[in-house]
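Hello,

I am handing this structure over to you. Please open it and keep it on screen while you read my notes.

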Amino acid sequence: MHETNLTVRFGETDALGHINNTSYFIYLEEARIRFLEALGYGADAKNWNFILASAKCDFVSQGYFNQKLGIKTFVSKIGTKSFQLEHDIVVEETNELIARGNVTMVYFDFEKQKSEPLPELIKDGLRQHLILS
C-alpha cells in the first residue's frame with residue numbers, strides 16, 4: 001500500500017464549506033501519479049504509457065478546508081492490458097474514511113494509438129501492492 005498526504009486548500013471547498021466533489025478526482029490523480037512514481041514511472045509525458053479508462057468516487061463523509069488527508073492506494077486487479085487502483089481517502093488525525101475511489105488504468109502506446117499488454121516488469125511492481133478484497 002502506498003500513501004500520499006495532502007492538506008485541503010480553500011479553493012477545493014465549496015459554498016457549503018466542505019470539499020467540492022470535483023476536488024476528490026484531483027486528489028485521486030495526485031495519489032495515482034505518486035503511486036506510479038514510487039514504482040519508478042515518472043510523469044515524463046514522452047515516456048508515459050498509461051491512460052485512465054475509468055474513474056469512480058464514493059463520497060462517504062464530508063471533508064473540510066485545512067484538513068490533512070491521507071490517500072491510501074493499492075492495486076485490486078491486474079489484467080492483461082490494464083490494472084485497477086483503489087484509493088481510500090482518510091482524515092489523518094482520526095483515520096476517518098471520507099471517500100473511496102477506484103480507477104482503471106490501461107497500458108497504452110500513444111504512437112500506435114492502441115492498448116498493449118502490460119510488461120512483466122510493471123506487473124511485478126503492481127503485485128507488490130496487490131490487495132484482494
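This is a predicted model: local features need pLDDT of at least 70, side-chain atom pairs count only at pLDDT 80 or more; totals for chains, interfaces and linings use all residues.

**Helix H1**

Start with helix H1, which covers residues 21-38. Does its length fit its residue count, or depart from it? At 1.5 Å a residue, its 18 residues should span 26 Å. The end C-alpha atoms are 27 Å apart, so the length agrees.

Next, look at which side chains of H1 are buried. They are Ser23, Tyr24, Tyr27, Leu28, Ala31, Arg32, Phe35 and Leu36. Note that Arg32 is on that list.

What do these buried residues pack against? Five strands are involved: E1 (2-7), E2 (50-59), E3 (68-78), E4 (82-91) and E5 (97-109). Helix H2 (120-127) is a partner too.

After H1 comes Gly40. Its phi is positive, near 105°.

Gly125 lies in helix H2. Its relative accessible area is 13%; the cut-off for buried is under 20%, so Gly125 counts as buried. Now find Ala38, the last residue of H1. Gly125 and Ala38 are 87 residues apart along the chain. Their C-alpha atoms are separated by 9.6 Å.

**Salt bridges**

How many salt bridges does the structure hold? There are nine. I describe some of them here.

Take Arg9 and Glu12. Their side chains meet in a salt bridge, at 2.6 Å from N to O. Arg9 has 54% relative accessibility and counts as exposed. Glu12, at 8%, counts as buried.

Glu120 pairs with Lys123, the closest N and O atoms being 3.9 Å apart. Both residues lie in H2, three residues apart, which is about one turn of the helix. Glu120 is partly exposed at 46% relative accessibility. Lys123 is buried, with a relative accessible area of 15%.

Glu120 also forms a salt bridge with Arg127, at 3.8 Å from N to O. Arg127 is partly exposed, with a relative accessible area of 40%. Which residues do the shared partners join? Glu120, Lys123, Asp124 and Arg127 form one network.

**Where to look**

Then turn to the salt-bridge network of Glu120, Lys123, Asp124 and Arg127.

Best wishes

Conventions: Residues are numbered from 1 along each chain as its sequence is written. Side-chain values use heavy atoms; hydrogens and water are left out. Helices (H or I, at least four residues) and strands (E, at least two) are DSSP runs, numbered from the N terminus. The expected span of a helix is 1.5 Å times one less than its number of residues. Buried means under 20% relative accessible area, exposed over 50%, partly exposed in between (1.4 Å probe, protein chains only). Contact means heavy atoms within 4.5 Å. A salt bridge is a side-chain nitrogen of Lys or Arg within 4 Å of a carboxyl oxygen of Asp or Glu.
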